Amino acid sequence: MVFIGLVIRVILIMLFETLSARYLGPEKYGTYSFLFTVIVIISTLPTLGLLQSTRRFIALFYDQKSHDKVKGVVRFSNYWTFIIGSIFAALAYLAVSISNGAIDTETTSLFILLLLIIPFYAHRKLAISVFSGFKNTSYKVILEDITEPTLRILSISIVMLVGGTLANLVYVTTIAYIVIGIISLTLVRRSLNTAVKKDTETTMPWKVFFGFSATMAVTEGIELALTWLDILMLGLLSTDHQVGLFRATTQPAMLASVILTSFAFIYMPLATELFGRKEFANWSKLNNLISLWSMTLAFPISAVCIAYPEVVIDILFGDKFAGAENTLRILSLAYIFHSACGFTGLNLIIGDKTTTQMKGKVISLLLHIILNLIFIPNYGALGAAFSVLLSLLFSNLYNLYWTNKYFSIHPFEKTYFSLLILNISISVCLYLFLALFHLAGYIELLIMGVMHLPLFALISLKTGIVKKEQFVVIIEWVNSARKSK
């Protein structure tokens, strides 16, 4: 269900980004991306320390049959997110009001309107953590994979239909996210009532929850900064046009890491239970399995983006975004590396080594800022892409070192390297073979994208690198999660 939801979400999000970029053009699309990025950052502030903590402790306490504590964690997180989100929205409004025209009038009015969605967007983020803790895949898919992207597509479709402007898109987006927030509140309540009886007492484990959350607040804050730092610094150090180019190329490049993220929904509660029971061998097995398949499933996506970036950009965004080919190549390389490493930082969180992870995040953030200051003024979106690549290299290698040191967990076994070499070989051979026929770029892209995984499955099975059972083992893990639920 998570994988099906992932496929739906990827298609719908790409459709929204494509329609928005084509309709608005690089500059207006860059303005919209910049404003929405600021809103996402403010909306995430109320959830700092809660997202990982909520799903970790729900899974932990639910496995221990401590339903009163489960209820306490869910209720507290619910109230906290919405109330603090409203406070942050009010503070942002006051900050804009006293800025004395530092931002132009039109942009200011659009930003003020978007402030309304902050508490609702914050709760939507929390809701996914609650569903993950309960292993409630259906609600996650309904909210994050279907409802949210569908409403965003509906928003841009309405604007295009009436020949609207950027301001019209902001109005409709605001309404859409208020609706999403209301749906998230409803689904969280239903999820809790399904898992825990209504007459169960409510106990909030303040000490253990906040002891863990305090460190996670810093870590998640840095993660937030790393996620959106490039767009913010591009907006400040470069132009809206460069913001638009970077934002557009990020969409197809990040598809590789989306596959890893989809596995995280199930991986987090399962791995937490294994850690709680001290079943480290099974935890290592699960980690290696997910890393292997994340790399394999993501590889064709990155391969076509690296081999045919100009075709990808032209198909998705049009000739107005020409010139961003190398940006897409570098970002694709960065995210396939990230996806191939598996859950590096998440493993440290599961193993209660949050301080170690936090230190790595601090260093990554400082490194990323320095790299952006060096590269963005001279190279714009391309410079930001270099910063992403180098920052992800450092972050994943740092986390891999400490995960291996603490728990002897890493994905790099003989089978993993054999499959990595096989994936690279298939992509290179397909590219060289297709180049002989001088086909249209989109046909070459389609053939490579479609043929990669079947060839991988055939060769890996025939050579014995992968056993037949390993192709269905993911389904077994999902079934075990459903049974434990």
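At what angle do helix H13 and helix H16 pack, and how far apart are their axes? Hi everyone, let's start there. H13 (residues 325–341) and H16 (residues 381–407) pack at about 10 degrees, with axes 8 Å apart. That makes the pair roughly parallel, a label for angles under 35 degrees, while 65 to 115 counts as roughly perpendicular. Axes here are lines fitted to C-alpha atoms over the stretch in contact, and angles run from 0 to 180 degrees between N-to-C directions. Helices are DSSP runs of H or I, at least four residues, numbered from the N terminus.

A quick word on the source: this is a predicted model, where local features need pLDDT of at least 70, side-chain atom pairs count only at pLDDT 80 or more, and totals for chains, interfaces and linings use all residues. Residues are numbered from 1 along each chain as its sequence is written, and side-chain values use heavy atoms, leaving out hydrogens and water.

Back to H13: its contact residues (heavy atoms within 4.5 Å) include Ile330, Phe337 and Cys341, and those of H16 include Phe386 and Leu393.

Now look at helix H12 (residues 309–317) against helix H18 (residues 441–463): about 105 degrees, axes 9 Å apart. So H12 is roughly perpendicular to H18. Val311, Val312 and Ile315 of H12 meet Gly441, Tyr442 and Leu445 of H18.

Finally, cysteines. With a disulfide taken as two cysteine sulfur atoms within 2.5 Å, the count is 0. The sulfur of Cys305 has its closest cysteine sulfur in Cys341, 19 Å away, so that is too far for a bond. Cys341 is buried, at 3% relative accessible area (buried means under 20%, with a 1.4 Å probe and protein chains only), and Cys305 is buried too, at 4%.

How values were computed. Helices (H or I, at least four residues) and strands (E, at least two) are DSSP runs, numbered from the N terminus. Angles under 35 degrees count as roughly parallel, over 145 as roughly antiparallel, 65 to 115 as roughly perpendicular and the rest as oblique. Buried means under 20% relative accessible area, exposed over 50%, partly exposed in between (1.4 Å probe, protein chains only).
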